Amino acid sequence: MSGRSTSLPGFGKAVRLEYAKMRRLRTSLVLGAVLLATILFGTMQLFDADHRARINEPNTMHWEFLLLTGYSSTKALFMPLLAAVLASRQVDIEHHGNGWLRTSMFGVTPGRLCTVKLLALMPLVVLSTVVEMSVLVLASRAAGATTPLPWVQWLWYGAVVVIVTLGVVGLHLWLAARVESQLVGLGVGVLGGFLGFFSMLMPPWFAHLTPWGYLAAGLPYQLSPTGDAPLIAIPLPWGSMALFCCVMLGVLALARVRLDRVEI
Amino acid sequence: MNVWKAELIKLRRASAWVVVLVVPVLAVVMGTANFILNAGVLTQSWASLWGQITLFYGLFFLSLGVATLCSALWRVEHRGVWPRLMAGPARASSIVTAKLGAGFLLVAAMQVLLVLGTWLAGSLATDLDPWALPWSIWGSAVVTLMAATAVVALQSLLSMVWKSFTAPVAVCFLGVVAGIGAFYGDIAGLKTVIPQALLARAATLGSVTVGDSGALNLSGTLPIILPSLVLTGLCIALSTAVLQRRDVA
C-alpha cells in the first residue's frame with residue numbers, strides 16, 4: 001500500500017496556483033497601470049506652481065487636501081473599475097477552462113475558490129495602497145512640503161482603502177462567477193465609479209448606502225462648518241467602517257455558501 | 001449592405017443597451033443632485049446644469065462606456081464566429097465600418113438620452129424653465145458625438161485584435177488618464193492626438209464648469225472635429241489592413 005498522502009489541496013497550494021494564473025493574466029501589469037494613474041492624478045496639485053509656493057502655509061493644509069481631494073477622489077473613481085477588471089480576469093479563466101468543475105473534483109468548491117482568489121489578491125491590494133500613499137508623501141516632500149505628516153489620519157485612510165477595495169473585489173468575484181458576461185461586471189464597475197465619486201460630494205448618509213461610498217464615509221476630514229480653516233479633522237469614523245466590515249463579511253460569507261450550491 | 005443589416009440585427013439583441021441606458025442616466029442623476037445640493041454656489045441655469053452633468057461624464061465615463069460597448073460588439077465574433085465571418089463574401093473594410101457604424105449608433109443613443117435626461121431632470125427637479133433649453137446643449141452633444149468617433153474607432157481596433165473583453169477597456173482607461181492630463185496640462189500636441197483628450201475637450205466645450213474650455217463655435221469645434229476625423233480614418237485603415245493580413249480569431 002502506498003504511503004502517499006491523499007489529503008485535499010490546502011489554501012496555501014490553492015493560493016500559489018492563483019499566482020501562477022495571475023502571471024498569465026498579467027495582473028501585475030493592470031495593477032501597475034492603475035497605480036501609475038492614481039499617483040499621477042493624486043499628485044496633480046503638486047504640478048501647480050502656485051500651490052507649491054504656498055505648500056507650507058497653514059491655510060494651505062497640504063496633507064489634508066492631498067488626502068481629501070487628491071487621493072480619495074482618485075481612488076473613488078479608479079478603484080471600482082480596477083476591482084471589476086481584476087475580478088473579471090481572475091474568474092474568466094475558470095469559465096473558459098472549465099476550472100469550476102476541475103477544482104471541485106479536488107474539493108475546492110466554487111465558493112472556496114473565490115475565497116482563495118480574494119486571499120491571493122489581498123497582498124497585491126495592500127502593496128499597491130502602500131506604494132501609492134508612499135509616493136504621494138515622497139512627491140510632496142520633493143515639492144518642498146516640510147510640515148509634519150498627520151500619520152494617524154493617513155494610516156487610517158490607508159486601512160480604509162484596503163478594506164473597502166477588498167470588499168468590492170470580493171463582490172465582483174462573486175458577480176463574475178455567477179454571470180459569465182464580463183459586460184455585467186464592467187458595467188457594475190462603471191456604476192461603482194459614479195457612486196463612489198459622487199459619494200464624496202453628497203451628504204454623509206448617501207455614502208453609507210453603497211460599498212463604494214465607504215471611501216467617502218471613511219474620510220478623517222471634512223469641510224469646516226465655521227470657516228476658521230478650510231478643513232477640520234473629525235474623530236476617526238470607526239462606526240462606519242465597523243458597519244462596512246460586518247455587512248461585507250456577512251454578504252461575502254453568504255455569497256460563498258450560495259456559490260457552493262449552484263452549478264456554474 | 002448585408003454586413004450593416006447583420007450588425008443592426010445583432011444590436012437588437014445585444015446586452016450593450018444596458019450600458020447605453022445606465023451611463024447617461026447615472027450622469028444625469030448625479031449631476032442634477034450636485035446641482036440641487038449646491039444651489040447656493042452654482043448659477044441656476046441650463047448651462048450650469050449641463051456643465052455639472054457632463055463634466056465627469058465627458059472626462060471619464062463616456063470613454064469607458066465606449067470601450068465597454070466596443071468590447072461587447074466584438075465579443076460575439078471572438079466566441080467562434082470568426083471563421084464564418086472571414087469565409088463570407090464581405091470585405092474587411094465593410095466589416096470594420098459596419099462595426100464602427102454600430103458603435104457610433106450606440107454612442108449617438110447615449111447622447112440623445114443624455115440631453116433628454118437633462119431636460120427631464122431640469123424641468124422636474126429644478127426651477128429651470130422647460131421651454132428655455134438652449135440649442136447649444138444639442139450642439140454640444142453633437143460635437144461630443146463626433147469627437148467620440150475617434151474613441152469608437154480606436155477601441156473597435158483594440159477589441160477586434162484582442163480576444164480579452166477587459167484588456168481594451170484597461171487601455172482606454174490609460175488613454176483617459178493621459179487625455180485628462182493633456183487636457184488640463186494644456187499640452188497642445190497630446191490633446192490633439194489622444195482620442196480621449198479630444199472627447200474631453202468636446203464634452204467641456206462652452207462649459208461654465210470648466211474655465212478656458214473654448215467656445216462652442218466654428219473656431220472652437222474645428223480643432224476638435226478635424227483631428228477626430230483623421231484619427232478615425234487612420235484607425236479604419238489600420239483595422240482593415242490587420243483584418244486582411246492577420247488571423248485575429
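The lining of the second largest pocket comprises 20 nonpolar, 8 polar and 8 charged residues. In this predicted model, the pocket has a volume of about 1,000 Å³. Among its 36 lining residues, those closest to the centre are R89(A), S164(B), F165(B), T166(B) and A167(B). Both chains contribute helices to the lining: α1 (11-25), α2 (27-42) and α4 (62-97) of chain A, and α3 (46-87) and α6 (166-184) of chain B, each supply at least two residues. The largest share is provided by α4(A), with 9 residues of the lining.

A helix pair within chain B was also examined. Helix α2 (residues 17-37) of chain B packs against helix α4 (residues 92-125) of chain B at an angle of about 30°, and the two axes lie 9 Å apart. Because angles under 35 degrees count as roughly parallel, α2(B) and α4(B) are assigned to this class. The crossing of α2(B) past α4(B) is right-handed.

On the α2(B) side, the contact is formed by W17(B), V20(B), L21(B), V23(B), P24(B), A27(B), V28(B), T32(B) and I36(B). These residues meet L106(B), A109(B), M110(B), L113(B), L114(B), G117(B), T118(B), A121(B) and A125(B) of α4(B). By class, the contact of α2(B) with α4(B) contains 15 nonpolar and 3 polar residues, and no charged residues. The lining of the second largest pocket, by contrast, includes 8 charged residues.

Terms used
Residues are numbered from 1 along each chain as its sequence is written. Chains are lettered from A and ligands numbered from 1 in the order in which they are written. This is a predicted model: local features need pLDDT of at least 70, side-chain atom pairs count only at pLDDT 80 or more; totals for chains, interfaces and linings use all residues. Side-chain values use heavy atoms; hydrogens and water are left out. Axes are lines fitted to C-alpha atoms, for helices over the stretch in contact, and angles run from 0 to 180 degrees between N-to-C directions. Helices (H or I, at least four residues) and strands (E, at least two) are DSSP runs, numbered from the N terminus. Angles under 35 degrees count as roughly parallel, over 145 as roughly antiparallel, 65 to 115 as roughly perpendicular and the rest as oblique. A crossing is left-handed if the near helix is turned anticlockwise from the far one by less than a right angle, and right-handed if clockwise. Contact means heavy atoms within 4.5 Å. Ala, Val, Leu, Ile, Met, Phe, Trp, Tyr, Cys and Pro count as nonpolar, Asp, Glu, Lys and Arg as charged, and the others, Gly among them, as polar. On a 1 Å grid over the protein atoms alone, a cavity is a set of points where a 1.4 Å probe fits but cannot get out, and a pocket is an open set with protein on both sides within 12 Å along at least five of seven lines; lining residues have an atom within 4 Å of a point. Grid points are joined across faces, edges and corners, and a volume is the space filled by probe spheres set on the points.
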